[in-house]
Each structure stands twice: as structure tokens, then as C-alpha cells.
Amino acid sequence: MNNNDLNILHDFNILYLEDDENLLKHTKDILEDFVNNIYAVKTISEALDILLNKRVDVIISDILLKDENGIDFLKHIKNKNINIPTILTTAHTDTQYLLDAIRLKVENYIVKPINIKELLNSLHDILLPIVQKKEIKKNNNLIRTISAITDGKQVAIIKYILNNLDNQNLFTASYTDIMDSFSISKPTLIKLFKELAEKNILVKVQHKTYRFNESALENL
């Protein structure tokens with residue numbers, strides 16, 4: 001297995017549609033250790049009931065169900081404007097199924113027997129962007145909240161520093177460069193940099209160059 005952080009799966013709910021009772025139970029028992037909730041069902045009607053009454057973040061569905069078809073299930077929910085990332089499983093490698101999956105913009109297509117490592121990594125790859133988006137939104141909300149109760153200019157400068165870090169977390173600019181971008185006095189700017197230096201957040205490494213020290217934030 002890749003060195004993916006599978007802990008990110010813990011906050012998410014999975015709907016698993018599979019008519020093979022043994023496989024359903026086996027996969028459900030494993031996924032229960034990784035996800036928040038797994039709703040394991042054998043029919044499309046049960047799956048639709050879950051979608052109407054529970055929060056579902058990812059769907060895992062077999063294609064060939066008893067007297068039913070997972071492709072038809074996905075077409076139905078998409079027609080209802082229910083757009084949930086989906087992994088299709090199948091015992092067949094029929095080209096038509098693959099084409100249908102592509103048309104439905106299915107996130108992954110796993111051939112049975114299900115490789116649990118592949119399934120977990122696929123869930124990780126689907127859910128990671130969602131986690132990252134939530135984190136970015138949380139950080140933006142934090143910045144907006146701080147701006148509302150403190151000096152907005154100083155917050156804007158800190159945001160400017162963070163947005164201009166290089167791959168080594170280095171920020172390069174003179175006081176004059178910053179003052180040209182923001183309407184701020186030099187004494188106020190020097191005071192801000194001094195406060196950041198005292199907290200070891202911004203460490204001067206050479207003339208006009210500072211290292212942003214992320215680890216210092218953990219001690220605040």
C-alpha cells in the first residue's frame with residue numbers, strides 16, 4: 001500500500017451496494033475500521049433509502065446486481081442531481097461497462113476480487129481533495145475572523161508573506177517592497193516583524209530573507 005494517510009477516511013460515510021452477502025459482510029467489516037459509517041445494502045431500493053436519509057460521501061457499487069444494474073442506479077441518482085463520488089466494482093471487464101463508467105464520470109473502476117489495499121487507496125484519493133478544500137476554507141475563515149477583531153492591515157501583510165513563500169518556506173522582500181504594496185508606516189511594519197521574530201514564527205536568515213517557521217505555531 002502507498003504511504004497514504006488513511007486517517008482522513010475517519011470523518012466520511014460510505015454507501016456500499018453489493019448483492020453477494022459474504023463479500024458485502026467481509027468488505028464492510030474491514031472498512032468499518034477506517035471510515036465513520038458504512039451503510040452496506042444489497043438492493044438499489046435500500047441504497048436509495050440511505051441516500052434520502054443519511055449523509056453519504058462516497059458510493060461503492062457493484063455493477064451486476066441480482067435483477068438490477070449498478071450503472072442504472074448511478075444514472076438514476078444523477079438524473080436526480082445527486083452527485084456523489086463513486087467507485088464501481090465488477091467481476092467483468094466488459095468494454096461497455098467501462099465506457100458507461102467513463103460517461104458517468106465514475107472516480108474508479110475496480111475488478112473483482114476486490115483488492116482492499118486498492119480500494120482504500122482509491123477512497124483516499126477521492127476524499128483527499130475534499131479534506132484539503134475544507135482545510136483551506138477553515139483557514140480562510142480564520143483569517144477573516146482575525147481580520148474582523150484585530151488590525152486588518154497586519155493580517156493582510158501576514159497573508160502576503162504566506163502567499164509569497166518559496167518551496168523552502170523562505171520569504172524575500174525589504175520593508176520598502178512591502179510598504180509599496182500596503183499603506184503602512186515603517187515603524188508599524190518593523191514592530192510586526194519584531195513580534196513575529198520574538199515568537200520564532202519569522203526567522204531572519206539573511207538580508208531581506210526570512211524563513212517562515214511552521215513548527216513555532218504549534219507552541220502558540
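Of the 220 residues of the chain, 38% count as buried, where buried means under 20% relative accessible area, exposed over 50% and partly exposed in between, with a 1.4 Å probe and protein chains only. The model is a predicted one, in which local features need pLDDT of at least 70 and side-chain atom pairs count only at pLDDT 80 or more, whereas totals for chains, interfaces and linings use all residues. Residues are numbered from 1 along each chain as its sequence is written, and side-chain values use heavy atoms, with hydrogens and water left out.

For the overall form, the C-alpha trace spans about 75 × 35 × 30 Å along its principal axes.

Helix α3 covers residues 70–79, and its buried residues are Gly70, Ile71, Phe73, Leu74 and Ile77. They cover an arc of only 160° around the axis, which puts them on the same side of α3; the arc is that of the directions from the helix axis to the C-beta atoms. At the start of α3, a side-chain oxygen of Asn69 comes to within 2.7 Å of the backbone nitrogen of Ile71, while just after the helix Asn81 takes a positive phi of about 60°.

The structure also holds 4 aromatic pairs, a pair being rings of Phe, Tyr or Trp (its six-membered ring) with centres within 6.5 Å, and with planes under 30 degrees apart counted as stacked, over 60 as edge-to-face and the rest as tilted. The rings of Tyr160 and Phe171 have centres 6.1 Å apart and planes at 80°, so this pair is edge-to-face. Because Tyr160 lies in helix α6 (residues 152–163) and Phe171 in strand β8 (residues 170–172), the pair ties together parts that are 11 residues apart in sequence. Tyr160 counts as partly exposed at 24% relative accessibility, whereas Phe171 counts as buried at 1%. The rings of Tyr160 and Phe182 have centres 5.3 Å apart and planes at 80°, so that pair is edge-to-face. Phe182 lies in the loop between α7 (175–181) and α8 (186–198) and Tyr160 in helix α6, so the pair ties together parts that are 22 residues apart in sequence. Tyr160, Phe171 and Phe182 form one aromatic cluster.

Key: Helices (H or I, at least four residues) and strands (E, at least two) are DSSP runs, numbered from the N terminus. A polar contact is a pair of N or O atoms within 3.5 Å; within protein, one must be able to donate a hydrogen and the other to accept it, and residues adjacent in sequence count only if both atoms are side-chain atoms.
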